[in-house]
Amino acid sequence: MSAFSTTVVGSALGVVGLTRFQQGDLAGAEKYYRYALAAVEGSGVARHSTNLAARRADLANAQLMQGRWHDALELFEQRDRALRSDTAQFKRTGSRHVGWAYALHKTGQSERAAQIANGLAATLLKRPVPNRWYIAQVRGVLGMALAASGKTAEALKAYQESVPDLIRRDQDDATAEASGYWRAFWQRVI
């Protein structure tokens with residue numbers, strides 16, 4: 001094992017990837033996300049490592065934004081299988097992700113996408129302080145998936161619940177996921 005193959009290096013490279021990602025440099029982000037994933041994979045962490053899951057999601061998101069739906073879907077499915085390998089942890093954290101639902105929708109699996117988005121929204125709404133921006137993303141993807149599945153009334157309800165928080169301009173949620181290129185992407189596709 002080299003000094004490169006550590007979770008610390010993987011996390012640091014993930015931050016560099018995020019910086020590129022938020023600047024709209026998707027090729028640069030993907031490069032650093034690949035390095036980050038390689039570092040964590042090489043570190044010997046367990047298959048169900050949340051750090052490993054995060055690096056896979058990062059790379060999948062970069063691919064998603066480049067329209068590489070199948071590549072992103074493959075990473076999200078790999079992430080899901082790995083997280084399921086620890087039953088106790090999986091019960092607590094699950095593996096649902098807004099990008100996974102979107103990749104499913106874009107690859108013609110809208111009913112499955114709707115199930116994931118609906119379950120994720122329900123989980124997020126139970127939190128003591130829900131992240132309104134993330135819930136808006138999830139509801140927007142739910143709306144897309146429901147519309148594609150022919151459930152127009154349900155889709156319109158999901159969009160109505162999504163759009164106000166999706167387009168709000170205040171900065172009460174200035175997390176990386178609610179700003180920059182990522183925010184613009186979701187506002188555009190939803």
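Reply: Start with the cluster. Ring pairs link Phe21, Tyr33, Trp69, Tyr102, Trp182, Phe185 and Trp186. Rings of Phe, Tyr and Trp (its six-membered ring) pair if their centres lie within 6.5 Å; planes under 30 degrees apart are stacked, over 60 edge-to-face, and the rest tilted. The model is predicted: local features need pLDDT of at least 70, side-chain atom pairs count only at pLDDT 80 or more, and totals for chains, interfaces and linings use all residues. Residues are numbered from 1 along each chain as its sequence is written, and side-chain values use heavy atoms, with hydrogens and water left out.

A search of the whole structure finds nine aromatic pairs. Take Phe21 and Trp182. Their ring centres are 5.3 Å apart and the planes stand at 50 degrees, so this pair is tilted. The pair links distant parts of the chain: Phe21 sits in helix H1 (residues 7-22) and Trp182 in helix H10 (residues 180-189), 161 residues apart. Helices here are DSSP runs (H or I, at least four residues), numbered from the N terminus.

Phe21 is buried at 4% relative accessibility. Trp182 is buried too, at 5%. Buried means under 20% relative accessible area, exposed over 50%, partly exposed in between (1.4 Å probe, protein chains only).

Trp182 also pairs with Trp186. That pair is edge-to-face, 5.4 Å centre to centre, with 90 degrees between the planes. Both residues lie in H10, four residues apart, about one turn of the helix. Trp186 is buried, like Trp182.

Now the helix packing. Trp69 belongs to the cluster, and Trp69 in H4 is also among the residues that meet H3. On the H3 side, the residues in contact (heavy atoms within 4.5 Å) include Ala53, Leu59 and Leu64. Across from them in H4 are Leu75, Phe76 and Leu83, among others. By class, this contact has eleven nonpolar, three polar and three charged residues. Ala, Val, Leu, Ile, Met, Phe, Trp, Tyr, Cys and Pro count as nonpolar, Asp, Glu, Lys and Arg as charged, and the others, Gly among them, as polar.

H3 (residues 50-65) and H4 pack at about 165 degrees, with axes 8 Å apart. Axes are lines fitted to C-alpha atoms over the stretch in contact, and angles run from 0 to 180 degrees between N-to-C directions. The two helices are therefore roughly antiparallel, a term for angles over 145 degrees.

Terms used: Parallel < 35°, antiparallel > 145°, perpendicular 65-115°, else oblique.
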